[in-house]
Amino acid sequence: MYKTILFDMDGTLIESNDLVLDIYQALVKLHPPKVSLKSIPVADVLAKGYPEVLEMLYGKKRPDLIEEIYRIHSELAVNHLKLYPNTMDILESLKSRGIKLYIITSELRKIAIAELTGLSIFHFFEDGSGIHTFGGKY
């Protein structure tokens, strides 16, 4: 029997690809980059964390744009985010069997917690300590 299961968040539990792409579209309209967003493969945009993609777009680290990403995310998330079919049932079933559930994501921690909370699944992941992000120090 499994004791622990690790989940990726975006594209596994949460349908968020359109949200991420729309965030970048809005961001580059407000802050024109050195490199066109269209020149970066969509797979890279979706797989990498915001700090990495910002560096690709602007040619340097842009921590100043992280707050802008948070702002845009808060405006767009409500209309974009949803769970994949049966996600809630699967998480409930696993948790009821005593399996510890963890999230590993390249998403920014603040956004990951907001999304999991907004979709009513945050409580499945070890009281928040089960959320491990690789989106930088943000």
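**Notes on the predicted fold**

1. Residues are numbered from 1 along each chain as its sequence is written, and side-chain values use heavy atoms, with hydrogens and water left out. Helices (H or I, at least four residues) and strands (E, at least two) are DSSP runs, numbered from the N terminus.

2. Is His-73 buried or exposed? His-73 is buried, at a relative accessible area of 6%; buried means under 20% relative accessible area, exposed over 50%, and partly exposed in between, with a 1.4 Å probe and protein chains only. Not counting residues up to four places away in sequence, His-73 touches Leu-19, Ile-23, Ile-111 and Glu-115, where contact means heavy atoms within 4.5 Å.

3. Now to the strands. Three of them form an open sheet in the order β1-β4-β5, with parallel pairing; two strands pair if DSSP finds at least two bridges between them. β1 (4–8) and β5 (131–133) are the edge strands with a single partner each, so one side of each has no neighbour in the sheet. On average, neighbouring strands of this sheet are turned by 20° against each other, direction ignored. Helix α6 (residues 109–118) packs on the sheet, where α6 touches β4 and β5, and its direction makes about 145° with that of β5. Such angles run from 0 to 180 degrees between N-to-C directions, with axes fitted as lines to C-alpha atoms, for helices over the stretch in contact.

4. A closer look at one pairing: β1 and β4 (residues 100–105) run parallel and are joined by five bridges. Asp-8 has Ile-104 as its bridge partner in β4.

5. Helix α3 (residues 50–58) has Tyr-50, Val-53, Leu-54, Leu-57 and Tyr-58 as its buried residues. Seen down the axis of α3, they fall within an arc of 115°, so they line one face of the helix; the arc is that of the directions from the helix axis to the C-beta atoms. The buried residues of α3 pack against α1 (17–30), α2 (42–47), α4 (66–80) and α6. Just after α3 comes Gly-59, with a positive phi of about 75°.

6. In helix α5 (residues 87–96), the buried residues are Thr-87, Leu-91 and Leu-94. Down the axis of α5 these fall within an arc of 70°, so they line one face of the helix. Their packing partners are β1, β3 (82–83) and β4.

7. Which residues touch the most other members of the largest nonpolar core? Among its 39 residues, they are Tyr-50, Ile-69 and Phe-125. Such a core is a set of buried Ala, Val, Leu, Ile, Met, Phe, Trp, Tyr and Cys residues joined through side-chain atoms within 4.5 Å. The largest share, six residues, comes from α1.

8. Finally, the whole structure holds two aromatic pairs. Rings of Phe, Tyr and Trp (its six-membered ring) pair if their centres lie within 6.5 Å; planes under 30 degrees apart count as stacked, over 60 as edge-to-face and the rest as tilted. Phe-7 and Phe-125 have ring centres 6.5 Å apart and planes at 85°, so this pair is edge-to-face. For Tyr-24 and Tyr-50, the centres are 5.3 Å apart and the planes at 45°, so that pair is tilted.

Note on methods:
Predicted model: local features only at pLDDT ≥ 70, side-chain atom pairs only at ≥ 80, totals over all residues.
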